[in-house]
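Good morning, and thank you for the time at this meeting.

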Amino acid sequence: MAGVQFIDVKKSFGAVNVIKGVNIGIDDGEFVILVGPSGCGKSTLLRMLAGLENITEGAIRIGDRVVNTVPPKDRDIAMVFQNYALYPHMTVADNMAFSLKLKGTPKEERDRRVKAAADILGLNQLLDRYPRQLSGGQRQRVAMGRAIVRDPQVFLFDEPLSNLDAKLRVAMRAEIKELHQRLQTTTVYVTHDQIEAMTMADKIVVLHDGVVEQIGAPLDLYDRPANLFVAGFIGSPAMNMIRGQIDPEKRTTFVTEDGTKLPVADPGPEAVGRNLVYGVRPEFISLDPEGLPAEVIVIEPTGYETHMMVKLGGEEVNCVFRERVQANAGEVIRLRIDADRVHLFDAVSGQRLSA
């Protein structure tokens, strides 16, 4: 096993700068997820780590070795792709053993490694089948098994669950996380799904437009987003954001652009007089008969929770209630916002104010 470092890595396609000076440190045995919207550069970073894309500037280290010019086959990595990439004419066992066969590994050793990987992934009953005879989840496990048998220093996953249905994605998330806990191999995983990132990662790297916006543990990013982009990307439903300013005479009051007064913990004198964005997550808004009036726009009962969109402070605001709420569109309900859970962001720079 080995750690991975991206050191001021840049990537350009002609005049288009895709990766703009990325620095990421990944510890030995760590499970790191690169997350961000389509086009943010996460798959390009993974492909550069794998050796499938050249680096324009900077360096990538695997362990103590700079691998900028090292061919993919010599980097001691194993990659699991979105589309499985299984050979249709080979059995499961042959697919899993193929890379070892190319390396000239003796058959006895190949069989031992395939059996060990099959034991880990529950594939023992499927070794004689062909990919066409497998479900999507089984094919993904075979692709993972093909990576495991190589016993690499680093596992790379490129959106491996995107082709699976919602229920199977949940099951496979748990399987991949359990696999990492068992093998303790350094893992770099790319996804656009922030739920995957939150539930699986030791550390998340949030990317946007080729730039690292924030790096941290999942709950650190949830509780202390560095800026408006991270605040809006991490968390589902997304954080509510309302523009306005702190009341200069009462710093525990935020005044929206339409004059609505919202509660906030004292942010300090540096917040006064600035155009700000008031951020609060839907789950930190609750019903309160003495609270702020809000007009119901849409109500979505999900069973355990009730999701509701309301008009508050001149903005559409999402709420998540643990109880079942009886309300109709157009009705006025009253809400309480947990002031201690409110974030304030500078409206110009987008950076969160320290508090």
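I begin with a pair of helices: helix 2 passes helix 4 in a right-handed crossing. A crossing is called right-handed if the near helix is turned clockwise from the far one by less than a right angle, and left-handed if anticlockwise. Helices here are DSSP runs of H or I with at least four residues, strands are runs of E with at least two, and both are numbered from the N terminus.

Before going further, please note that this is a predicted model, in which local features need pLDDT of at least 70 and side-chain atom pairs count only at pLDDT 80 or more, while totals for chains, interfaces and linings use all residues. Residues are numbered from 1 along each chain as its sequence is written, and side-chain values use heavy atoms, with hydrogens and water left out.

Two packed helices are described by the angle between their axes and the distance between the axes. For helix 2, residues 92-102, and helix 4, residues 136-148, the angle is about 35° and the axes are 7 Å apart. The axes are lines fitted to C-alpha atoms, for helices over the stretch in contact, and angles run from 0 to 180 degrees between N-to-C directions. Which residues meet there? From helix 2 come Val92, Asn95, Met96 and Ser99, and from helix 4 come Val142, Gly145 and Arg146. By class, this contact of helix 2 with helix 4 has three nonpolar, three polar and one charged residues. In this scheme Ala, Val, Leu, Ile, Met, Phe, Trp, Tyr, Cys and Pro are nonpolar, Asp, Glu, Lys and Arg are charged, and the others, Gly among them, are polar.

Helix 4 also holds arginine 141. Is arginine 141 buried or exposed? Its relative accessibility is 14%, so arginine 141 counts as buried. The term buried means under 20% relative accessible area, exposed means over 50%, and partly exposed lies in between, with a 1.4 Å probe and protein chains only. Neighbours within four places in sequence aside, arginine 141 is in contact with Leu121, Leu123, Met172 and Glu175, contact meaning heavy atoms within 4.5 Å.

I turn now to the sheet beside this helix. Six strands form an open sheet in the order 6-7-8-3-9-10, with mixed pairing. Its edge strands, each pairing on one side only, are strand 6 (77-80) and strand 10 (211-216). Two strands are taken to pair if DSSP finds at least two bridges between them. On average, neighbouring strands of this sheet are turned by 15° against each other, direction ignored. Helix 4 packs on this sheet, touching strand 6 and strand 7, and its direction makes about 175° with that of strand 6.

Strand 6 includes alanine 78, which counts as buried because its relative accessibility is 1%. Beyond residues up to four places away in sequence, alanine 78 touches Ala147, Arg150, Pro152, Val154, Phe155 and Leu156.

Strand 8, residues 186-191, pairs with strand 7, residues 154-158, in the parallel sense over five bridges. Strand 3, residues 31-35, also pairs with strand 8 in the parallel sense over five bridges. Threonine 187 of strand 8 is the bridge partner of phenylalanine 155 and of phenylalanine 31. Why is strand 8 largely enclosed by the rest of the structure? Six of its six residues are buried, so the strand is largely enclosed. In a regular strand the side chains alternate between the two faces of the sheet. In strand 8, Thr186, Val188 and Val190 are buried on one side, and Thr187, Tyr189 and Thr191 on the other.

The other sheet is also open: four strands in the order 2-1-4-5, with antiparallel pairing. Strand 2 (16-26) and strand 5 (65-66) are its edge strands. Strand 1 and strand 2 pair over eight bridges and form a hairpin with two residues between them, where glycine 14 in the turn has a positive phi of about 65°. Strand 4, residues 57-62, meets strand 5 over two bridges, one partner pair being arginine 61 and valine 66. Helix 1, residues 42-50, packs on this sheet, touching strand 1 (4-13), strand 2 and strand 4, and its direction makes about 115° with that of strand 1.

Finally, a word on annotation. An unreviewed UniProt entry lists residues 4-234 as "domain: ABC transporter". UniProt positions are given in the numbering used here, feature names are shortened, and annotations may be inferred rather than shown by experiment. Over residues 4-234 the chain is 37% helix and 26% strand, with the end C-alpha atoms 24 Å apart.
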